[in-house]
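Hello,

Here is the structure I promised to hand over. My notes on what was found follow below it.

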Amino acid sequence: MSISAPVAPSTPKTARQAVILAVCCAAVVMANVDTTAVNVALPAIGRSLGGSLAGAQWVVAAYTLTLACLLTFSGSLADRIGRRTVFQIGLSLFAVSSLACSLAPSVGWLIGFRVLQAVGGSMLNPVAMAIITSVFTEPGRRVRAIGIWGSSVGIGMAAGPVVGGLLVETVGWEAVFWINVPIAMAALALTFLVVPQSRAERPRAFDPVGQLLVIGLLGLLVFAIIEGPHRGWLAPETLGSFAGSALCLAVLLWHAPRHPQPLIELRVFRSAPFTGAFVIAIFGFAAMGGFLFLNTFYLQEIRHDSPLTAGLALLPMAAAMFVFGPMSGRLVAERGARSALTAGAIVATAAAAVLTVTFDGSGKLLLLLGYGLFGAGIGLLYTPITATAVAGLPPAQAGVAASLATTSRQVGQSLGVALIGSLIASHPGALASAASFRTPAHLGWLTITALCVAALVVARISTTTIVIHRRR
């Protein structure tokens, strides 16, 4: 049966593009919800599987750390063997490993499955962006599509705590992982039906040595920070991990300039705006990762809120990120990245400083206001980080800039969880009562405040180059 009504030639193409965009956004939302939703489930996971505080840190950090290590590699792999192929592999692996996470018999197994889940997740973010860029060939439509995709990343991160709290409260911690399975499978089917295969004309060469060095650098550093309070800061394994991380960095600095197409192109760090954006992302998202980890245990273990109540308590942060994320894009367009970065860092710093002295007050209104302000600050930072990174390099390197900016966010979250968790672990019995939790919590909030201040300082210094250039 055929339909004879006249249809504009562009309609089928536009509809197909809309479906492809929806698939890419759904996959990215799913992967980013997972980075934050699991935080709310940590106390329930600990009670169910008998995990320690270090185990809880690893449940979060194993995911973000693996993402940070593999994002660039997965993007290069997709350029070489096909973006649709890698996207499908990522969705399949994410679905299977999410199911495995829900069935994990111990925290150790859960951490291992989280690594596999992140391997799949690393094939979603950068590859979805590449698919969108190849499908939307018209400049205007491409810009709008990328804007929608970028908003979906922020929505996923912001909605995670609320979604996680609802699922843990109504079903159980396993549901945080179950929910990924139908979403991933639906996206997989639609990818097979509508997403075209595409490859880069000149894919980057693989750099296995550089990849191993990055894994060693980040993995050993995070291991030392998380395990230091438990094994001893002067224990051979802790000192050896710090030394091994430093050695990996030194070898990477030697290796990268000698490789024709290194995993991390060190020359891009000669650009002050790009380097500034990279460092701001680490500081800002370390503050966010630490914030989520600290408040998960504060709300549920000290205030004795239910998972749903704890998730709803973080709703002001999620709502503020949802509102101020897109707003930062308009601010960048009208006033430049410097204004958005400065505003975001100032608001986040002010919120963290206020919460440092008020978080344990009897009232909840001030706590929720602080959460909202902190979310607004992080939301304002999100878009200008990528905009500044891209603006700091030639147009031909825009993809590299965006990829490294995304990587730096994951590095930041990993380090934030490691730092704040270690501060709590350094005070035995910190989770036993509100009184014993007060000191490590104050130190945690001071650390989060310091990270926001560092982001502000770097933002002001690094974006001066852009301002001077524009005035000329």
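Phe-359 is buried, at 2% relative accessibility (buried means under 20% relative accessible area, exposed over 50%, partly exposed in between, with a 1.4 Å probe and protein chains only). This is a predicted model, where local features need pLDDT of at least 70, side-chain atom pairs count only at pLDDT 80 or more, and totals for chains, interfaces and linings use all residues. Residues are numbered from 1 along each chain as its sequence is written, and side-chain values use heavy atoms, leaving out hydrogens and water.

Now the aromatic pairs. Rings of Phe, Tyr and Trp (its six-membered ring) pair if their centres lie within 6.5 Å; planes under 30 degrees apart count as stacked, over 60 as edge-to-face and the rest as tilted. That rule gives 13 aromatic pairs. Phe-278 is buried at 18%. Phe-269 is partly exposed at 28%.

Tyr-298 and Phe-359 also form an edge-to-face pair, at 5.4 Å and 75°. This pair links distant parts of the chain, 61 residues apart. Tyr-298 is in helix H11 (residues 272-302), and Phe-359 is in the loop between helix H14 (337-358) and helix H15 (365-391). Helices (H or I, at least four residues) are DSSP runs, numbered from the N terminus. Tyr-298 is buried too, at 5% relative accessibility.

One aromatic cluster is formed by Phe-291, Tyr-371, Phe-374 and Trp-445.

Best wishes

Methods
Helix = DSSP H or I, 4+ residues; strand = E, 2+ residues; numbered from the N terminus.
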